[in-house]
Amino acid sequence: MITHTLSLDAADGTLLHGFLIAPEHPDSVLVIAHGMAEHAGRYQPLAQWLAARGVAVIACNHRGHGPEGPIDTLGHYDDHNGWQKVTDDLHQVLQHARRLYPERPVRLLGHSMGSFIAQSVAQQYPDSLDALILSATNRIHRPELVPSRLLVGLIRAFRGRRYRSPLIASLTFGKFNRAFAPARTDHDWLSRDPDQVDRYLADPHCGFLCTAGLWYDFLGGMLAIRPEWWRRDLPVHLFGGSRDPVGEMGRGLRAHFQAIRDAGVQSVTLRLFDGGRHEMLNETNALDVWQYLAGLCQARPNSTDSGPVGAAAPPANGVAY
């Protein structure tokens, strides 16, 4: 087993910190883009499990995330062009994966916020990945996103890019948790597993407020995502919990799946795990989800990414519940 910490140079000279966990001779590579208000280190147990099954895993912290940066930049991409910078950063990580393993398929897993950064990369750098896996994502619902960005823009204009707004937090993470009232904690929406929720709450690099500037960049980045700009031959796999408020309890995830199909992507699948909340990789049935993900990573590296070697191939445009 190979385990390394990573420090990669972004295009503007910023250091991107993360890890590589891999077998000596991997069959495939998975790059992970983590979610908002968390960090890449939370994915190391999954990476070790996948590495034991032939998958090399690389993950780096997005700007404004992780323990390496100054405390005043936690929860903030950048003062200028933040969304483009995190998109370019993830592209750099994918290029590093290609350099390390030039003969192996490289798949990109984006979770939550990371799922939208991953889609931005797929749109702007379509040849940098061989398959796209989206965890806990949602539809691009412009009638809701446009006024939300206007509100965040007003807050940013009056209070500054680095202002951490309790109002924005209440309208996002706070709203997600209300679906589980009466809740044991403020983050019960993450998982049914109380131990996982408690680990998140105890982690000083999780659960922080993000800045108005980050939210403004993030919402603008979501609005710029259009599946019709992706490669038609890029396999796309969506999965999430049927009780994830980010995915509108499955409704938004289904709508996004349909939008990708309608855009002409040749191979797209959806897997909804019954009763699961936001972090399916940390749920009470996490092993089932890890096995599902391993199947995607072990799929034959062909144009349809049709299924794991030795297993029945899923339909090119399929839904499983």
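# How the terms apply to this structure

Visitor: What makes the approach of the side chain of Thr172 to the backbone oxygen of Ile168 a polar contact?

Guide: The backbone oxygen of Ile168 lies 2.8 Å from a polar atom of the Thr172 side chain. A polar contact is a pair of N or O atoms within 3.5 Å, where, within protein, one must be able to donate a hydrogen and the other to accept it, and residues adjacent in sequence count only if both atoms are side-chain atoms, so the 2.8 Å between Ile168 and Thr172 falls under that limit. The model is a predicted one, in which local features need pLDDT of at least 70 and side-chain atom pairs count only at pLDDT 80 or more, while totals for chains, interfaces and linings use all residues. Residues are numbered from 1 along each chain as its sequence is written, and side-chain values use heavy atoms, with hydrogens and water left out.

Visitor: Where is Thr172 placed, and why is Thr172 called buried?

Guide: Thr172 belongs to helix 5, which covers residues 166-178; helices here are DSSP runs of H or I with at least four residues, strands are runs of E with at least two, and both are numbered from the N terminus. The relative accessibility of Thr172 is 14%, and because buried means under 20% relative accessible area, exposed over 50% and partly exposed in between (1.4 Å probe, protein chains only), Thr172 counts as buried. Its C-alpha atom is separated by 10.0 Å from that of Pro245, a residue 73 places apart from Thr172 along the chain.

Visitor: How do you know that Ser115 is buried rather than exposed, and which residues does Ser115 touch?

Guide: Ser115, in helix 3 (residues 113-124), has a relative accessible area of 0%, so it is buried. Not counting residues up to four places away in sequence, Ser115 touches Gly110, Leu134, Ser135 and Thr137, where contact means heavy atoms within 4.5 Å. With Thr137 there is also a polar contact between the side chains, at 2.9 Å.

Visitor: What makes Ser128 a buried residue, and what does the side chain of Ser128 reach?

Guide: A relative accessibility of 7% makes Ser128 count as buried, although this residue lies in a loop, between helix 3 and strand 6 (131-135). The side chain of Ser128 reaches the backbone oxygen of Tyr125 at 2.7 Å, and, leaving aside neighbours within four places in sequence, Ser128 is in contact with His91, Leu94, Arg98 and Val121.

Visitor: Why is the pair of Asp198 and Arg184 called a salt bridge?

Guide: The closest N and O atoms of Asp198 and Arg184 are 2.9 Å apart. This pair links distant parts of the chain, since Asp198 is in helix 6 (residues 194-202) and Arg184 in the loop between helix 5 and helix 6, 14 residues apart. A salt bridge is a side-chain nitrogen of Lys or Arg within 4 Å of a carboxyl oxygen of Asp or Glu, so the 2.9 Å of Asp198 and Arg184 meets the definition. Asp198 counts as partly exposed, at 32% relative accessibility.

Visitor: How many salt bridges does the structure hold, and which residues are linked in a network of them?

Guide: The structure holds 13 salt bridges. Asp12, Arg63, Asp78, Lys85 and Asp89 are linked in a network, and Lys85 and Asp78 form a salt bridge with their closest N and O atoms 2.9 Å apart.

Visitor: What makes Arg251 exposed and Glu248 buried?

Guide: Arg251 has a relative accessible area of 53% and is therefore exposed, while Glu248, with 15%, is buried. Their side chains meet in a salt bridge at 3.0 Å, N to O. Glu248 lies in the loop between strand 7 (236-241) and helix 8 (251-262), and its phi is near 55°, a positive value in a residue other than glycine.
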